[in-house]
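Reader: I would like to learn how to read the main features of a protein model, taking the general idea of each and then the case at hand. Could we go through them in turn?

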Amino acid sequence: MFERAGHSENTTPKPSPTELPLESRRSFLSVLLGLGAVFVGALLSVPLIRFALFPLLRRTTELKSSPVGDISAFSSLTEPVMRIIQIEQVDGWRKAVSEKAVYVTKDRRGQLRVLTSICPHLGCTVPWNKEKNQFVCPCHGATFAVDGTRISGPSLRGMDTLETSVQDGQLQVRFQYFRQLVSDKEVIG
């Protein structure tokens, strides 16, 4: 097959038949290994991509109302009554049920109001003080009237009212969080 160096103008040696299959096998195996690595990488990245995008693609749930109590129990209120409600919060893929304190009271016209117990100043829990007949924040001394309006202190607004409804004789409340340190009531969650 090879011509002698003296008689041929082409001096590059041709590969022997045994070298060609070994080189092509190595190329085939490296291509196969590369395709396998891409396939395995793609399979492993699917859960990671889903984990990262799930909260963005998932629809948020509606805020559900929580039962406070029978409406007839609040007909003869003379001072605010604290009730503990259970709220369901969905945060991305995690669902948590927590308890929050709310106060049921009447406004100046005699209508029922539900107030959050969170101070609009810095978020402390505001208890009802029977002796002073007002809400008094233990953190910074803000005081609020029976209906939640601001009397004095560093708070820029009164206690926040929550949206209520009556269903089947039960007082229902929709709990929300509000921005603190601002004069206007602004829902944040």
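**Reading the fold**

Author: Let us begin with contacts, where a contact means heavy atoms within 4.5 Å. Among contacts in the protein chain between residues at least 6 apart in sequence, 46% join residues at least 24 apart. This is a predicted model, in which local features need pLDDT of at least 70 and side-chain atom pairs count only at pLDDT 80 or more, while totals for chains, interfaces and linings use all residues. Residues are numbered from 1 along each chain as its sequence is written, and side-chain values use heavy atoms, with hydrogens and water left out.

Reader: Which helices and strands does the protein chain hold, and in what order do the elements run?

Author: Helices (H or I, at least four residues) and strands (E, at least two) are DSSP runs, numbered from the N terminus. The protein chain has one helix and 10 strands, and from the N terminus on its elements run α-β-β-β-β-β-β-β-β-β-β.

Reader: How should I read the pairing of strands, and which strands form the open sheet?

Author: Strands of a sheet pair through backbone hydrogen bonds, either parallel or antiparallel. Two strands are taken as paired if DSSP finds at least two bridges between them. Here four strands form an open sheet in the order E5-E6-E7-E8, and the pairing is antiparallel. E5 and strand E8 (150–152) stand at the edges, each with a single partner strand, so one side of each is left without a neighbour in the sheet. E5 is joined to E6 by two bridges, and Trp 128 has Phe 135 in E6 as its bridge partner.

Reader: Which strands are joined to E10, and by how many bridges?

Author: Strand E1 (residues 66–70) is joined to E10 by four bridges, the two running antiparallel, and Asp 70 has Gln 170 in E10 as its bridge partner. Five bridges join E9 to E10, which also run antiparallel, and here Val 166 has Leu 171 in E10 as its bridge partner. E9 and E10 form a hairpin with two residues between them, and Asp 168 in the turn has a positive phi of about 55°.

Reader: Where does Asp 168 lie, and is it buried or exposed?

Author: Buried means under 20% relative accessible area, exposed over 50%, and partly exposed in between (1.4 Å probe, protein chains only). Asp 168 sits in the loop between strand E9 (161–167) and strand E10 (170–174), and with a relative accessible area of 82% it is exposed. Asn 133 also has a positive phi of about 55° although it is not a glycine, and its place is the loop between strand E5 (128–129) and strand E6 (134–136). With a relative accessible area of 45%, Asn 133 is partly exposed.

Reader: How many aromatic pairs does the structure hold?

Author: Rings of Phe, Tyr and Trp (its six-membered ring) pair if their centres lie within 6.5 Å; planes under 30 degrees apart count as stacked, over 60 as edge-to-face and the rest as tilted. The structure holds three aromatic pairs. One of them is the edge-to-face pair of Tyr 103 and Phe 135, at 4.9 Å centre to centre and with 70° between the planes. Tyr 103 lies in strand E3 (residues 94–106) and Phe 135 in strand E6, so the pair ties together parts that are 32 residues apart in sequence. Both Tyr 103 and Phe 135 are buried. Phe 175 and Tyr 177 form another edge-to-face pair, at 5.2 Å centre to centre and with 85° between the planes; Phe 175 is buried, with a relative accessible area of 6%, whereas Tyr 177, at 24% relative accessibility, counts as partly exposed. Tyr 103, Trp 128 and Phe 135 form one aromatic cluster.

Reader: Which residues have the most contacts inside the largest nonpolar core?

Author: A nonpolar core is a set of buried Ala, Val, Leu, Ile, Met, Phe, Trp, Tyr and Cys residues joined through side-chain atoms within 4.5 Å. The largest has 13 residues, and those with the most contacts inside it are Val 68, Ile 85, Val 104, Val 114 and Leu 162. Strand E2 (81–91), E3 and E10 are the elements that give two or more residues to this core. A second, separate core of 11 residues includes Tyr 103, Cys 124, Phe 135 and Phe 144.
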